[in-house]
Amino acid sequence: MLTGDRRKKRLDRSIKVRTEGLYAVSSWGEMVYLIAPRFVLIVGLFTLPLVLDMYWQRVLCSAGIYALLALGFDFLAEFVGLVCLGGAFFVGVGGYISGLLNAYYGWPPLLSIPVASVAGAVISTLILLPCLRLRGIYFAIVSFMFPLFAVYIIVALGVFGSTEGISALATFPNIWIEQYLILVAVILSLFGIRRLVSEDIGVIFQGIKDNDQAVKASGINITAYRTKAVFITALIGCFGGAYLSHLYGWLGLSLFAMDFSIMPIAAAVMGGMGSLVGPVLGAFILTPLSEALRGFGQLRVVLYSLILIGFIVYKPEGLMNYLQRKYHQFELWEKV
Amino acid sequence: MADEFLLQVGGVSKAFGGVQAITNLSFRLFKGEILGVIGPNGSGKTTLVNLITGFVRPDSGKVFYKARNITGLQPHKIANLGLTRTFQIARPYDSLPAFKNLIVPLNSPRVRRTRGGKLGDIEAVAIDMLEEVGFERDARVPYKTAGSLPLGYLKRLELARCIALKPDIIICDEIFSGLSMSEITSMIPFLEKLHLEGITMMMIEHRLRELFRLTDRVMVMNFGEKIAEGMPQEVIENKEVRKAYLGTETS
């Protein structure tokens, strides 16, 4: 296509193809093309705390937690083939362990959060282990039940503060640490999981999703690999929960709230399933949105659902898949 | 024929609800042979493969592999012992490029053990392996997603998945089904080559003429029972076999 001395050039296809295998980048333009989206994401997230006021900074922190959960949900659903609705369970287990370590043994958050993330992930994985043989909807149903299960156990036994919860846990020294801790966690998990899915283990995960019988016939223990995948997701989710209990200095039954199971799915659908970055972005859009709609009271849920339905009907691929496609088809005018 | 047998199936039975899929079936697979298994549709051939490779647990009876009882062992453990199978309906990983399909078996404990953990460039190994089973090396085919490949390639991919495990036995479940005549004729020499390399094979097949070019012993099944066993020629002459399976097809 020619107009005068300029013509349209497609920048990308070839770069995309080349960079999927080896990194052969031949010009500054191509390097910028590759780095720009990552740069915008990281810098964008890290400058958010600087421009927001106190109230929205808090919202950013909880958006970070939802981002971690959405990321975990996307990873399990699209790359391992397990639809896990147990986000609330991870948050609850992580939050309770970290909070209890702090309340009963006086561990500082610096110590209790990492311990709670790992211990919570181990516990969640062990509890989900018997269900890992289930596929598709069955795993989803069982994992959805666990948070309810945990709530009733805590109430029935009257342990861990029962219905009142435990307040006055140690909080973070200041709001900057709060925000940057969760943002760094989100970025690290995002790039970590992206790396993971392109490694051999990620190929095996994908194989399990596509055809678990063939993976068995290849001499690979699918339960062992599913366990690893669930552990990774639980680790991220439990970190979110542990962080949450110290963010508000409080632990209680609302750590097992359904929101933590449902919201990440909404974020993933909106952001674009299977893109990993999409669900993160979705969480950073949906959480503030639901805060902004707080004025509508109960009507908020309706508006919220409408947005979701809109996405499912008109853009089922989600934001990020659409944007990525457009970006990779980017055309620019160049001088002849 | 060597007397040493690799696989011994002793009196296995399997029922799915009220349907008796396999009834008290026994046979041996000798080292280095190609055993053909034929029978009408629904005679229990695929169930037999599933029973041997652990995908289905037999109701009764035992399966011995290298004098070891493998009855009820999980499929991945059996595959790791070197007893591999292909699926009648090819089971590729649709969203992965063809060569990445082989990354999965190349990461199995068996391969890691036999290769001492060092595979070098695992993707190059995978592409070499695809070339070995008949993918063109420099063409784009190995890089295409498996879901977009035609059946001929998928069947070869099934075989490649088995070969990646450096198996002692490959059980081919209707590897020729759905292939064109030319695809079959190009695959036969490859199977012969595998046989010469010392891999024992069991081939479940409906294409008798092609099967008989490869095998020296055939077992015939009908309604879950073994009705005949022996040289292809004798089996064809067998009255019961003709009644059950061959009908009037051959004269």
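Which residues of α2(A) are buried? Select A:E30, A:Y33, A:L34, A:L41, A:L45 and A:P49: these are the buried residues of that helix. The model is predicted.

Stay on chain A and show helix α2 as residues 28-51. At A:I35 the helix has a kink of about 40°, shortly before the proline A:P37.

Next, go to chain B and colour the strands of its open sheet. There are 6 strands, in the order β6-β7-β8-β3-β9-β10, and the pairing is mixed. Select β6 (83-85) and β10 (225-230) of chain B: each has a single partner strand and stands at an edge, so one side of each is left without a neighbour in the sheet. On average, neighbouring strands of this sheet are turned by 20° against each other, direction ignored.

Inside the sheet, pick β3 (residues 34-38) and β9 (residues 217-222) of chain B, which run parallel and are joined by 4 bridges. B:I38 has B:V220 in β9(B) as its bridge partner.

Helix α7 (residues 151-164) of chain B touches β6 and β7 (169-173), and its direction makes about 165° with that of β7(B). Helix α8 (residues 181-196) of chain B touches β3, β7 and β8 (200-204), and its direction makes about 145° with that of β8(B).

Finally, display both chains. In contact are 19 residues of chain A and 25 residues of chain B. The area buried between the two chains is about 1800 Å², with 60% given by carbon and sulfur atoms. Select A:V203, A:A217 and A:S218, which supply 27% of the area that chain A buries against chain B, more than any other three residues. Salt bridges found across this interface number 0.

Notes: Residues are numbered from 1 along each chain as its sequence is written. Chains are lettered from A and ligands numbered from 1 in the order in which they are written. This is a predicted model: local features need pLDDT of at least 70, side-chain atom pairs count only at pLDDT 80 or more; totals for chains, interfaces and linings use all residues. Side-chain values use heavy atoms; hydrogens and water are left out. The bend at a residue is the angle between axes fitted to the seven residues ending there and the seven starting there. Helices (H or I, at least four residues) and strands (E, at least two) are DSSP runs, numbered from the N terminus. Buried means under 20% relative accessible area, exposed over 50%, partly exposed in between (1.4 Å probe, protein chains only). Two strands pair if DSSP finds at least two bridges between them. Axes are lines fitted to C-alpha atoms, for helices over the stretch in contact, and angles run from 0 to 180 degrees between N-to-C directions. Contact means heavy atoms within 4.5 Å. Buried area is the accessible area (1.4 Å probe) that two parts lose on being put together, summed over both. A salt bridge is a side-chain nitrogen of Lys or Arg within 4 Å of a carboxyl oxygen of Asp or Glu.
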